[in-house]
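Please look over the sequence and the model shown below before reading the report.

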Amino acid sequence: MSDSRIQAGGDAAASQPPPMDGPVSRRWFLSRMAWVSSAAATGTLLSKVPAVASPRGPVVTDEAFRPVLPQVPGDLTELTLSESMTLIRSGAVRPADLVNAYVDRIEAFDGIYQAYAARPSREALLEQAARVPPGGADAPLRGIGLAPKDNFYTADLLTEGGSLVFEGFQPDYDGTAVTLLRSAGGLVLGKAQMGNLAGGRAQRYGTTIPTTRNAWTPDLVDYSPGGSSSGTGTAVAARLAVAGLGTQTGGSVVGPSNAQGLTCIKPTFGRISLHGVIPLSYTRDHVGVMARDALDTAILLQVLAQPDPLDPRTLGLPPAPNYALAATAFDGERPRVRWPTRIGVWPDFLEARDEDTARLRRELVAELERTPGVRIVADLRLPDDYEALSSGALGGSHGDPTAFFIEHLRRDVRNFGDRLPRFLNGMLQSADTYVKVQQARQLLLHRMVTQLFNQCDVVLIGGSGAFDGTGLPVMGFPIGFGTDEDSGSRVPRGAVLGAGPFGEERLLAVVAAYQAVTGFHREHPADPA
Amino acid sequence: MQEPKVPPPTDEELDRYIRTRYALLGIDISVLPVSDPDAPMDQERLLRNGRSILREDVEVANFPIDPQLHLPQPFPAPFTAWSDVEDRP
């Protein structure tokens with residue numbers, strides 16, 4: 001096995017400490033989520049205070065670095081985040097070399113991809129990279145270029161949320177997530193284009209004219225890059241950034257990741273601070289990480305999974321475990337999942353919308369079934385009233401965005417473009433309905449935990465909807481390639497894996513074991529002609 | 001669940017309600033074209049969406065949830081979430 005991320009010692013897997021989804025009290029998580037609903041209703045999660053969170057010392061352990069020094073490729077942008085970290089730490093690659101490699105590609109190709117909305121100069125990035133001292137254990141991301149979505153506040157770059165509503169908005173502080181990345185030595189290569197106010201794919205502000213291209217089809221404007229974290233998806237897939245940050249309220253991290261062959265994680269609600277992110281729904285918004293493989297997502301999650309006094313949703317959670325370790329598969333007769341894991345298959349998972357995807361999903365399940373430590377649970381029973389509780393009015397969040405945007409709505413409703421209804425709906429949803437919807441979310445969450453995750457540890461799902469509404473974690477990852485029916489282009493296909501509260505380690509372990517024997521995550525698209 | 005005994009409002013009645021609600025908060029939707037499928041948004045689509053949201057209230061009201069269950073009340077939780085340390089790993 002050539003993958004240097006596989007840890008020797010198959011039998012040792014049985015003696016691993018259990019992942020966090022086991023010992024954490026489910027009753028505790030449920031009661032905590034009930035508080036989030038009530039706090040959102042009373043507006044107590046609002047804050048206008050600048051982010052001042054400080055890292056808790058070194059958070060990324062040696063598991064994040066490659067044990068075998070990777071070869072230095074001619075094009076440094078072909079390195080994964082973990083490989084880049086390893087080579088920078090060893091001195092084989094300088095941060096400035098990495099910065100220049102990415103800026104070269106951005107300058108050459110972003111006119112076509114349109115992944116970025118705003119960028120700093122090359123000189124500014126090189127200056128920032130030079131300020132991070134070498135060898136600092138607190139700066140594992142030294143020289144690593146990242147692409148946060150344009151709804152993350154940045155003190156040095158415009159934050160426009162893909163919309164006329166925030167055109168020209170310049171925050172005077174960084175959001176907590178950006179603060180943490182920069183504190184770890186990371187660099188913001190630019191603010192990634194996004195769907196209008198975190199909905200749909202990126203468009204020219206105030207119009208329905210698409211901008212960002214899918215990295216796999218740069219000549220086809222109609223083939224979607226996925227939304228709403230479109231620019232981040234394209235930046236990472238086209239190697240205009242090592243990795244990036246998105247946000248997900250309803251599939252906006254897994255969508256572009258699946259569409260562009262990326263690996264992503266949207267962790268349990270509250271795991272990453274939302275302070276300094278333009279809000280959409282106080283009860284459903286999540287920060288997510290978009291990268292090239294399971295280990296890369298684990299590294300960024302490790303940096304970001306910290307309590308933030310400025311976001312009470314992040315407080316009181318169990319301490320973050322070692323995600324990088326979880327994303328390291330064991331090597332037995334073949335790579336195995338770190339912990340014995342029951343993988344559920346959602347009842348309609350194998351009934352995909354096209355034959356390519358259906359075939360790839362069947363192959364995925366078969367591959368997982370061959371993985372030591374995995375048991376497939378094919379006959380899942382869904383929670384009671386699942387359809388009613390997870391969709392329609394009860395499963396929605398119609399009222400959430402309105403309160404924050406009242407002043408913007410008064411100024412000119414035309415600035416909201418095609419997203420206007422989403423932001424006016426809160427004025428029409430009655431208080432009794434809003435309360436009932438919050439109750440329904442708690443009821444669904446309770447049933448997901450007690451009636452679904454009593455049958456399995458993780459579950460393969462067609463979409464992330466119920467997991468966004470309940471705050472449960474998901475990962476997206478590539479499972480192969482299909483053919484776009486309209487253009488005949490070869491395009492990536494992906495799958496989504498969901499877990500119970502704090503099940504991130506379990507997700508990372510399964511995806512890492514899968515990626516140890518498949519190569520879809522290593523493929524990247526050809527450059528534009 | 002007992003069925004409502006009054007006739008449901010018409011589209012026209014709901015449209016008046018929606019416009020009044022927006023106007024009450026100082027929001028002017030008359031700046032949008034009345035009906036233009038090529039525009040990013042028009043009044044016709046906006047009102048159609050608003051009517052569907054209002055009518056969803058009925059669906060929500062009709063779904064039974066035990067009122068003793070999972071109350072989104074303020075606050076059991078700062079005490080639980082921020083001080084219930086013995087329940088954590």
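## The model and its chains

The structure is a predicted model. Chain A holds 16 helices and 15 strands, whereas chain B holds 3 helices and 0 strands, and its elements follow the pattern α-α-α when read along the sequence.

Burial can be stated for each chain: of the 529 residues of chain A, 62% count as buried, while buried residues make up 17% of the 89 residues in chain B. Within chain A, among contacts with a separation of 6 or more, 77% come from residues 24 or more positions apart.

## The ten-stranded sheet of chain A

Chain A contains an open sheet of 10 strands with mixed pairing, and the strands follow the order E4-E3-E6-E8-E7-E14-E15-E13-E11-E12. Its edges are formed by strand E4 (187-188) and strand E12 (374-377) of chain A, each of which pairs on one side only. As a general point, the strands of a sheet pair through backbone hydrogen bonds, in either a parallel or an antiparallel sense.

## Strand E13 and its two neighbours

Strand E13 (residues 458-461) of chain A lies between E15 and E11 in the sheet order. With strand E11 (residues 341-345) of chain A, E13(A) pairs in the parallel sense over 3 bridges, and here Gly344(A) stands opposite Val459(A) of E13(A). With strand E15 (residues 490-499) of chain A, E13(A) runs antiparallel and is joined by 4 bridges; Val458(A) has Ala499(A) in E15(A) as its bridge partner.

## Helix H14

Helix H14 (residues 431-452) of chain A has 22 residues, and the distance from its first C-alpha to its last is 30 Å, close to the 32 Å expected at 1.5 Å a residue. H14(A) is also mostly covered, with 17 of its 22 residues buried.

Notes: Residues are numbered from 1 along each chain as its sequence is written. Chains are lettered from A and ligands numbered from 1 in the order in which they are written. This is a predicted model: local features need pLDDT of at least 70, side-chain atom pairs count only at pLDDT 80 or more; totals for chains, interfaces and linings use all residues. A residue is buried if 20 or more other C-beta atoms lie within 10 Å of its own, exposed if 12 or fewer, and partly exposed in between; C-beta atoms are placed from the backbone. Two residues are in contact if their C-beta atoms, placed from the backbone, lie within 7 Å. The expected span of a helix is 1.5 Å times one less than its number of residues. Two strands pair if DSSP finds at least two bridges between them.
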